[in-house]
Amino acid sequence: MPSLALANRQWIYSARPDGRVGSEHYTLQESSFSPDLAVNEVAIQAHYISVDPYMRIQQAQRHSFDAPHPLGIVQRGGAVGQVIASRSELFQVGDWVLSYSGWQLYAKCHAGELRKLDAAQAPVTTALGVLGMPGRTAWFGLMDAGKPKPGETVLVSGAAGAVGSLVVQFAKKAGCKVFGLAGGATKCDFLVTKLGLDGAIDYRAFTNANTLSDEIAARTGGVDIYFDNVGGMITDAVIPNIKLRARIIICGQISQYDGGLDKPDLGPRFLQHMLFQRATIQGVLARDYTARMDEMLAIVGPWVSTGEIVFEETVVEGFERLPEALNSLFEGKNLGKMLVKV
Ligand SMILES: NC(=O)c1ccc[n+]([C@@H]2O[C@H](COP(=O)([O-])OP(=O)(O)OC[C@H]3O[C@@H](n4cnc5c(N)ncnc54)[C@H](OP(=O)(O)O)[C@@H]3O)[C@@H](O)[C@H]2O)c1
């Protein structure tokens, strides 16, 4: 166990954003970290810290699936790091672990909150992506809520992101015809050439829902499953294209997060399409499937090892860039999972 105190750095969430979140909503705090542990505690040094869109949801004033993130504490979030001291029989110094220790270099965690990672089996960063929360969301959101059948047409918004890039691949494996919506030609090219999609549509090339809707109709011929990560104009454009007994999976609404969540709700204008097509719409939340994580890992883990499932990571270097990295999710600067190497 290191005897000297270590220089810790923490990003404290300090002000609620009205619009886009940035470094002005955080305070960088330096303190000393002493790994004196209680029984069953483990001290961790973070190596990779996650930035995720849900962080912005929790920064809204309103209650979502959680109470708003409190001000004045370390930004919560997932991290992958190594054990530097342990008073748990389950963890030894040097072990790689997944923790929920947030935006700080060093943290003490209860052993029961940690997942040990096998670095020989998969890159440790996958615990924040394909073999972590985004992978679980993609797998159960599609398979459990969407129930894809071979030959069906699946359309995914935010298709080149952490969750979306996995949903599209799982849908291909389920024998579906798969289309993605993403921002820009590079991401669309990635979806078709690297992930093997049947087509990709650059939504940024469209200024209104009607023309985008016409393009979706022409390219897909109608949609059996719409896996939505984005909402807003994109969803307005998709809904008129749903087929009989379509399933709409609401995974995220990122286009509404930076400010929209605190505005009065508008009534949905598309419900007539639900009626015409006897469709269903269902929200899905990763935490509802936490107990089934091993089920997902048993199926998807081997696909990751063999390369059958491609996972992309966008890695930003530098602890001080965490707020900037979170912000950049809202500008689409990431391909696949966005991480910060600290
Ligand atoms: N339900 C759950 O439990 C759960 C779990 C994880 C994630 N999610 C949700 O799933 C969605 C994706 O999350 P992720 O972690 O995989 O993030 P991500 O897709 O890797 O990153 C966010 C992406 O969203 C797109 N985007 C941002 N602002 C947009 C806008 N105004 N209009 C259209 N697209 C926009 C950007 O891609 P483009 O360049 O293509 O625009 C960006 O790369 C989010 O809505 C998130 O809240 C839900």
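N334 counts as buried, at 10% relative accessibility, and it sits in the loop between helix 9 (322-328) and strand 16 (337-341). In this predicted model, N334 is also among the residues that come nearest to the ligand, together with K187, Y203, Y257 and A286. The C-alpha atoms of N334 and K187 are separated by 9.5 Å, although the two residues are 147 apart along the chain. The points below go from the ligand site to the strands and then to single residues.

**The ligand and its surroundings**

- The shell around the ligand holds 28 residues, which divide by class into 16 nonpolar, ten polar and two charged residues.
- Domain 1 (6-129 + 311-341) and domain 2 (133-287) both contribute residues to this shell, so the ligand lies between the two domains.

- Which strand has six of its six residues buried? Strand 12 (residues 223-228) does, and it is therefore largely enclosed by the rest of the structure, where buried means under 20% relative accessible area.
- Strand 12 pairs with strand 9 (residues 153-157) in the parallel sense over three bridges, and within this pairing V156 has F227 of strand 12 as its bridge partner.
- Strand 12 also runs parallel to strand 13 (residues 242-250), to which it is joined by five bridges; here the bridge partner of D228 is I250 in strand 13.

- Three strands form an open sheet in the order 2-1-4, with antiparallel pairing.
- Strand 2 and strand 4 (73-74) stand at the edges of this sheet, each with a single partner strand, so one side of each is left without a neighbour in the sheet.
- Strand 1 (residues 6-13) is joined to strand 2 by eight bridges, and the two strands run antiparallel; in this pairing W11 stands opposite L28 of strand 2.
- Strand 1 is joined to strand 4 by two bridges, again with the strands antiparallel, and along this pairing I12 stands opposite V74 while Y13 stands opposite I73.

**Residues with a positive phi**

- Most residues other than glycine have a negative phi, and against that background two residues deserve a look.
- N40 is not a glycine, yet it has a positive phi of about 75°; this residue lies in the loop between strand 2 (26-33) and strand 3 (41-50) and is partly exposed, with a relative accessible area of 36%.
- R245, which is likewise not a glycine, has a positive phi of about 60°, and its place is in strand 13, the strand that is joined to strand 12 by five bridges.

- Is S50 buried or exposed? At 2% relative accessibility S50 counts as buried, and its place in the chain is in strand 3.
- The side chain of S50 makes a polar contact with the side chain of D52 at 2.5 Å, and it makes another with the side chain of K337 at 2.9 Å.
- H273 lies in helix 7 (residues 271-277) and counts as buried because its relative accessible area is 19%, with the cut-off for buried being under 20%.
- The C-alpha atoms of H273 and I242 are separated by 7.6 Å, although the two residues are 31 apart along the chain.

How values were computed
Residues are numbered from 1 along each chain as its sequence is written. This is a predicted model: local features need pLDDT of at least 70, side-chain atom pairs count only at pLDDT 80 or more; totals for chains, interfaces and linings use all residues. Side-chain values use heavy atoms; hydrogens and water are left out. A residue is near a molecule or strand if one of its heavy atoms lies within 4 Å of it. Ala, Val, Leu, Ile, Met, Phe, Trp, Tyr, Cys and Pro count as nonpolar, Asp, Glu, Lys and Arg as charged, and the others, Gly among them, as polar. Domain bounds come from an automatic or database domain assignment. Buried means under 20% relative accessible area, exposed over 50%, partly exposed in between (1.4 Å probe, protein chains only). Helices (H or I, at least four residues) and strands (E, at least two) are DSSP runs, numbered from the N terminus. Two strands pair if DSSP finds at least two bridges between them. A polar contact is a pair of N or O atoms within 3.5 Å; within protein, one must be able to donate a hydrogen and the other to accept it, and residues adjacent in sequence count only if both atoms are side-chain atoms.
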